[in-house]
Structure formats: structure tokens, C-alpha cells
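Morning, everyone. I have one structure to go through, and I will keep to what can be read from the coordinates.

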Amino acid sequence: MNKRAVVRTGNTLTMNNIIIKHFDTPDEIREFEKGRFEVVELPNMTIGKATYDPGWKWSRDVSPLSHTEFCEVEHLGMVLSGSARFVLKVGTIHTFKKGDVFYVPPEPHDSWVLGEQQYVSIHFLGAEKYAD
């Protein structure tokens with residue numbers, strides 16, 4: 001019978017080159033007013049989990065940390081709960097809700113939580129730069 005070696009180092013469980021990580025113990029947490037962005041690092045990829053409370057708005061709560069008026073990070077993600085409004089600086093408006101897979105180009109944009117439910121999304125692109 002062939003046994004597989006399992007090694008746990010901090011937040012990382014490795015089995016024969018397979019890496020398993022959890023947002024319960026992220027590699028990094030970026031906190032800001034009314035929200036946080038948790039980061040897990042994988043080879044050649046950074047994945048983020050955004051959690052925003054009702055009333056959160058990028059231009060008010062994250063802009064001071066990024067030193068830009070609008071977010072300029074490219075995003076590819078999926079909404080796990082809640083809903084948010086995204087507005088490109090040129091005026092295009094979109095609403096993202098639970099279950100939506102979204103792409104936002106690296107053009108200046110703002111976003112904010114809609115309603116009274118917490119907004120949570122996973123980011124597969126742009127996480128390495130977001131709110132850093």
C-alpha cells in the first residue's frame with residue numbers, strides 16, 4: 001500500500017504537491033473601515049476574500065489607503081453573499097449579487113455595498129494589489 005506524505009506548515013497543508021489553504025487562517029489580512037480583505041498565497045496566484053459591512057464604500061473606506069481617488073485594480077471574482085454597485089469613472093453602472101461571476105477592467109471605478117446585508121466575494125485576479 002502506498003502512503004502519501006502529508007505536511008502542515010502554518011496555514012498550508014501539502015500532499016504530494018497539492019496545496020490546501022483556508023480563509024480561516026489567511027496569509028495576510030488587510031483591514032479598513034467597514035471591511036477587510038483576506039489573502040491566501042499559492043504558487044503563481046494570489047486569491048482574496050473581500051468582506052464589506054453595510055455602508056462600506058471604496059472611495060471613502062479604501063481610497064485613503066491606496067492613495068488614489070478610485071480603485072484601479074483589475075478584478076475577476078465571484079459574489080458569495082450580499083450585493084454591491086460598481087461604477088466605472090466613465091459612468092457605466094453595474095450591480096453584482098450573490099452567485100455572480102464578475103470581471104472589472106483596470107479602469108478607475110468605485111463600488112459600495114447595497115442594502116443591509118454584508119457583501120462577501122472571492123477575487124481570483126487583482127488580489128495581490130487590492131488595498132495594499
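Of the 132 residues in the protein chain, 39% count as buried. This is a predicted model, so please take everything that follows as computed from that prediction. The accessible surface of the protein chain is about 7800 Å², and carbon and sulfur atoms hold 53% of that.

On to the layout. The protein chain has 2 helices and 12 strands. Along the sequence, the pattern runs β-β-β-β-β-β-α-α-β-β-β-β-β-β. If you take the contacts with a separation of 6 or more, 54% of them are between residues 24 or more positions apart.

Next, the aromatic residues. How many aromatic pairs are there? The count comes to 7. Phe 86 and Phe 102 form a tilted one, with 6.0 Å from centre to centre and 35° between the planes. Phe 86 belongs to strand β8, residues 83–88, and Phe 102 to strand β10, residues 101–104, so to speak a link between distant parts of the chain, 16 residues apart. Are these two residues buried or exposed? Phe 86 is buried, with a relative accessible area of 9%, and Phe 102 is buried as well, at 4%.

Elsewhere, ring pairs join Phe 32, Tyr 52, Trp 56 and Tyr 119 into a cluster. There is also a charge over a ring: the charged end of Lys 57 sits over the ring of Trp 112, 4.9 Å from the ring centre.

Now the surface. Met 45, Leu 76, Met 78, Leu 80, Val 101, Tyr 103, Phe 124 and Leu 125 make a nonpolar surface patch of about 680 Å². Which strands supply at least two residues each? They are β7 (75–81), β10 and β12 (119–125). The most comes from β7, which gives 3 residues. Take Met 78, which lies in strand β7. Met 78 has a relative accessible area of 34%, and because that value lies between 20% and 50%, it counts as partly exposed.

What is Gly 82 in contact with, leaving aside neighbours within four places in sequence? The residues are Phe 96, Lys 97, Lys 98, Gln 117, Gln 118 and Tyr 119. For Phe 96, the C-alpha to C-alpha distance from Gly 82 is 8.5 Å, and the two are 14 residues apart in sequence. Tyr 119, in that contact list, is also part of the ring cluster I mentioned.

Last, two backbone angles to look at. Asn 44 has a phi near 65°, a positive value in a residue other than glycine. Asn 44 is in the loop between β5 (35–42) and β6 (45–52), and at 85% relative accessibility it counts as exposed. His 67 is not a glycine either, and its phi is positive too, about 60°. Where is His 67? That residue is in the loop between α2 (63–66) and β7. His 67 counts as exposed, with 72% relative accessibility.

That is what I have for today.

How values were computed:
Residues are numbered from 1 along each chain as its sequence is written. This is a predicted model: local features need pLDDT of at least 70, side-chain atom pairs count only at pLDDT 80 or more; totals for chains, interfaces and linings use all residues. Side-chain values use heavy atoms; hydrogens and water are left out. Rings of Phe, Tyr and Trp (its six-membered ring) pair if their centres lie within 6.5 Å; planes under 30 degrees apart count as stacked, over 60 as edge-to-face and the rest as tilted. Helices (H or I, at least four residues) and strands (E, at least two) are DSSP runs, numbered from the N terminus. Buried means under 20% relative accessible area, exposed over 50%, partly exposed in between (1.4 Å probe, protein chains only). A charge sits over a ring if NZ of Lys or CZ of Arg is within 6 Å of the ring centre and within 35 degrees of the ring normal. Patches are made of residues with over 30% relative accessible area and no salt bridge: like charges are joined within 9 Å, nonpolar side chains (Val, Leu, Ile, Met, Phe, Trp, Tyr) within 5 Å. Accessible areas come from the Shrake-Rupley method with a 1.4 Å probe; for residues, only the protein chains shown count as cover. A salt bridge is a side-chain nitrogen of Lys or Arg within 4 Å of a carboxyl oxygen of Asp or Glu. Contact means heavy atoms within 4.5 Å.
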